[in-house]
Amino acid sequence: MKRIAILGSTGSVGVNVLKVVKALKGQFKIMGLTTYRNLISLEKQIREFQPEMVVVQDLASAEQFNPQGRIKFFAGAEGLLRLVADERVDLVVICIAGANALLPLVEAIKRKKEIALASKEPIVMAGELLSRLCQEKQVKLIPIDSEHSAIFQCLEGKNLAEVRRVILTSSGGPFRLTQKKKLERIKPQEALKHPRWKMGKKITIDSATLMNKGLEIMEAKWFFNLPLQKIEVLIHPEAIVHSLVEFIDGNVFALLGITDMRLPIQYALTYPRRLPSKLKYLDLTKVKNFTFEKPDFRKFPALSLAYEVAYKGRSFPCVLNASDEVCVEAFLDKKIKITEIPAVISKVIKKHHQVDLETVEDVLGVDRWAREETYKIIKER
Ligand SMILES: NC(=O)c1ccc[n+]([C@@H]2O[C@H](COP(=O)([O-])OP(=O)(O)OC[C@H]3O[C@@H](n4cnc5c(N)ncnc54)[C@H](OP(=O)(O)O)[C@@H]3O)[C@@H](O)[C@H]2O)c1
């Protein structure tokens, strides 16, 4: 039985990880669960999965869940590191939204844990540093993000030098068919309605601006050690083909599946094995249309901005990531329009003097700078 810790267990991915664990009865022992503030979900999860360790933001608020003192509670960012470092944890599943996933990920790599990774932000912030660390510690990150799981599976047993290009698919988000001039009036509630996936707020807004696909370009670069020239994006509204890999001889491998995160999550948890699934299997006769189109870079400038930043490299992706996190929050708080997100990020990028990110402290320093600049620009508008 594999002993696992789920970081961000109360989030959209985290809840699906627990559903997979439950469906694969007897395969996993839940050692640790973590939340930031969602104590209602956490309490249910503790009752059902009986973890040995739990991490919350505020210890006092969670004491009520531990009447017999059987569970070890830890607090905050330090608590996440304690959980990851625990010798009894074999597999760390990281599904914390945003930059806060970076330090636990670094700790998990240093401790040579098996790692299933959903959080894309740390890879964007610190891709080069993380891949160096993974190489040094001989750790392989297993992707949970559906597109990267697809590419990961299409590449298995293949020679990377024979890859002509990879194609990340995108559903196109909720505004694929919305006229450009109408985008500036979009309200947060409309942007939070994704046509295909039910996800956390940050990734849902990123999917509406297509910034999510931009982050995924950088995620693919570092996950698979691919040059950016070989990473393309196609809009595929049906969200059945989760991504494709084209080889130099013209053969194309695609990974198809129902639109359900439990599919890539299960593979990341059982890798390299495959176990039977309790989900419904894909019925291709029910997929009426199967379409692909090029993304509209003019309507979704966040995607071109992400490509530009990915090519610039060094500390620029870290700036984009931090600034995007602040902008998404500002949009959800109705402080800026959705169309201002790439515009504000672009201003922050213009002010940035690039540096090399040699250490985690370097990364956190640039992250902090970019957040402060973004707040300033939003305030001064
Ligand atoms: N959702 C998807 O289908 C999907 C697909 C592919 C990739 N991803 C990636 O997976 C990650 C998680 O996405 P999600 O949609 O599951 O997000 P989510 O629903 O917002 O959940 C995030 C989780 O992280 C916890 N968290 C938030 N801030 C934290 C902090 N400062 N310290 C510790 N824990 C914190 C949350 O706790 P609370 O519940 O207390 O807020 C929650 O458990 C993101 O990087 C996203 O891009 C998601």
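Me: Before we get to helix packing, how are the axes fitted and over what range do the angles run?
Reply: Axes are lines fitted to C-alpha atoms, for helices over the stretch in contact, and angles between N-to-C directions run from 0 to 180 degrees.

Me: Which model are we on, and what are the ground rules?
Reply: It's a predicted model, where local features need pLDDT of at least 70, side-chain atom pairs count only at pLDDT 80 or more, and totals for chains, interfaces and linings use all residues. Residues are numbered from 1 along each chain as its sequence is written.

Me: OK, how many helices and strands in the protein chain?
Reply: 15 helices and eleven strands. Those are DSSP runs numbered from the N terminus, helices being H or I with at least four residues and strands E with at least two.

Me: Now those axes: how do H12 and H13 cross?
Reply: The axes of helix H12 (residues 301–312) and helix H13 (residues 316–332) come within 7 Å, crossing at roughly 145°.

Me: Which residues meet there?
Reply: From H12 you have Ala 306, Val 309, Ala 310 and Lys 312, and they meet Phe 316, Pro 317 and Leu 320 of H13. Contact here is C-beta atoms, placed from the backbone, within 7 Å. By type, that contact has six nonpolar residues, no polar and one charged. Ala, Val, Leu, Ile, Met, Phe, Trp, Tyr, Cys and Pro count as nonpolar, Asp, Glu, Lys and Arg as charged, and the others, Gly among them, as polar.

Me: Switching topic, what are the domains?
Reply: Domain 1 is 2–144 and domain 2 is 152–259 + 279–380. The bounds come from an automatic or database domain assignment.

Me: And how many residues are in contact between them?
Reply: 20 residues of domain 1 contact 21 residues of domain 2. On the domain 1 side, helix H5 (102–110), helix H6 (121–137) and strand E7 (141–143) each supply at least two residues. H6 has the largest share, ten residues. That side splits into twelve nonpolar, five polar and three charged.

Me: Where does the ligand lie relative to domain 1 and domain 2, and why?
Reply: Both domains give residues to the shell around the ligand, so it lies between them.

Me: Which residues come nearest to it?
Reply: Gly 8, Gly 11, Tyr 36, Met 199 and Gly 200, out of 26 residues around the ligand. Near means a C-beta atom, placed from the backbone, within 6 Å of the molecule or strand. Helix H1 (12–23) and helix H9 (201–209) each supply at least two shell residues, and H1 gives the most, with three. The shell divides into ten nonpolar, eleven polar and five charged.

Me: What about H11, enclosed or open?
Reply: Helix H11 (residues 262–270) is largely enclosed by the rest of the structure, because seven of its nine residues are buried. A residue is buried with 20 or more other C-beta atoms within 10 Å of its own, exposed with 12 or fewer and partly exposed in between, C-beta atoms being placed from the backbone.

Me: What do the buried residues of H11 pack against?
Reply: H1, strand E6 (114–117), E7 and helix H7 (146–155). Among the buried residues are Leu 263, Ile 265 and Tyr 267.

Me: Last one: is Leu 255 buried or exposed?
Reply: Leu 255 counts as buried, because it has 22 C-beta neighbours inside 10 Å. Leu 255 is in strand E11 (residues 252–256). Leaving aside neighbours within four places in sequence, its contacts are Ala 150, Gln 153, Cys 154, His 242 and Ser 243.

Conventions:
Two residues are in contact if their C-beta atoms, placed from the backbone, lie within 7 Å.
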